[in-house]
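Please read these notes with the model open beside you.

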Amino acid sequence: MSPIVVGGPALFLGEGTPCVALLRPELDVNDQGLRLAAERAGVTPEEFAGESGVWQVMADRTDGEGRSFELPELADGDAAVFADELLIALSGTGDCELELADGVLVLTVTGAGEGRSALAARVVPPAGAQGGPLDLELGTLPVAELRDEVEGFRRSLA
């Protein structure tokens, strides 16, 4: 099957699994892979692509437990503020807790010395979404790599 090109801003935190992702997928209904998939599904490319531009949170743990849901009320500005706050947290040496979308995603950043930070996340599906809260230890990661990822995400919102 032809691959479907998915664009849009995306922030991935973690190295593989466990991980948390905040993304706003953009699907091009003119993409050949999407058109082929829609044809095989017996729907129009517009129906197959669905509503584009809606923010999503995805979380996955190593034990196979995960959550994925949409945040239709989240604006690009909210995602930008979250990214800015994360950059500030990565510049500090103390503990910091960041919240997105009224606590749907809570990220804890703890300085771990030697240019590293420990990240943990709590993902709480909004009302009406399936599943309960999910806690993830994202690991101790290099601050420089995290900053690069967050800065790239921030630029994609401009």
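1. S3 and S5 pair in the antiparallel sense, over five bridges. Val20 stands opposite Ala59 in S5. Strands and helices here are DSSP runs numbered from the N terminus, with at least two residues (E) for a strand and at least four (H or I) for a helix. Two strands count as paired if DSSP finds at least two bridges between them.

2. This is a predicted model, in which local features need pLDDT of at least 70 and side-chain atom pairs count only at pLDDT 80 or more, while totals for chains, interfaces and linings use all residues. Residues are numbered from 1 along each chain as its sequence is written, and side-chain values use heavy atoms, with hydrogens and water left out.

3. The S3-S5 pair belongs to an open sheet of four strands, ordered S2-S3-S5-S6, with antiparallel pairing. Its edge strands are S2 (10-13) and S6 (66-71), each of which pairs on one side only. From one strand to the next, the twist averages 10°. Angles run from 0 to 180 degrees between N-to-C directions, and axes are lines fitted to C-alpha atoms, for helices over the stretch in contact.

4. Strand S5 (residues 55-60) is joined to S6 by six bridges, and the two run antiparallel. Asp60 stands opposite Gly66 in S6, and Gln56 has Glu70 as its bridge partner in S6. S5 and S6 form a hairpin with five residues between them. In the turn, Gly64 has a positive phi of about 90°.

5. Which helices pack against this sheet? Helix H3 (residues 76-91) packs on it and touches S2, strand S3 (19-23) and S5, where contact means heavy atoms within 4.5 Å. The direction of H3 makes about 40° with that of S2. Helix H4 (residues 143-157) lies across S2, S3 and S5 and runs at about 165° to S2.

6. Another open sheet of four strands has the order S7-S8-S9-S10, and its pairing is antiparallel. Strand S7 (96-100) and strand S10 (134-142) each have a single partner strand, so one side of each is left without a neighbour in the sheet. The twist here averages 20° from one strand to the next. Five bridges join S7 to strand S8 (residues 105-111), and these two run antiparallel. Cys96 has Val109 as its bridge partner in S8.

7. How do H3 and H4 lie relative to each other? They pack at an angle of about 160°, with their axes 10 Å apart. That makes H3 roughly antiparallel to H4, a label given to angles over 145 degrees. Among the residues making the contact are Ala79, Ala80, Ala83, Leu86 and Leu90 of H3, and Leu146, Val150, Phe153 and Leu157 of H4.

8. The largest nonpolar core has 36 residues, and Leu22, Leu86 and Leu107 touch the most other members. Such a core is a set of buried Ala, Val, Leu, Ile, Met, Phe, Trp, Tyr and Cys residues joined through side-chain atoms within 4.5 Å. Buried means under 20% relative accessible area, exposed over 50%, and partly exposed in between (1.4 Å probe, protein chains only). H3 gives the largest share of this core, eight residues. Leaving out residues up to four places away in sequence, Leu86 touches Leu11, Leu13, Leu98, Leu107, Val109 and Val150.

9. Ala101 lies in the loop between S7 and S8. Ala101 counts as partly exposed because its relative accessibility is 29%. Beyond its neighbours within four places in sequence, Ala101 is in contact with Leu71 and Leu74. Ala101 and Ala75 are 26 residues apart along the chain, and their C-alpha atoms are separated by 9.5 Å.

10. Arg116 is found in strand S9 and, at 34% relative accessibility, counts as partly exposed. Not counting residues up to four places away in sequence, Arg116 touches Gly111, Thr140, Leu141, Pro142 and Val143. Arg116 and Gln130 are 14 residues apart in sequence, and 34 Å apart in space from C-alpha to C-alpha.

Terms used
Parallel < 35°, antiparallel > 145°, perpendicular 65-115°, else oblique.
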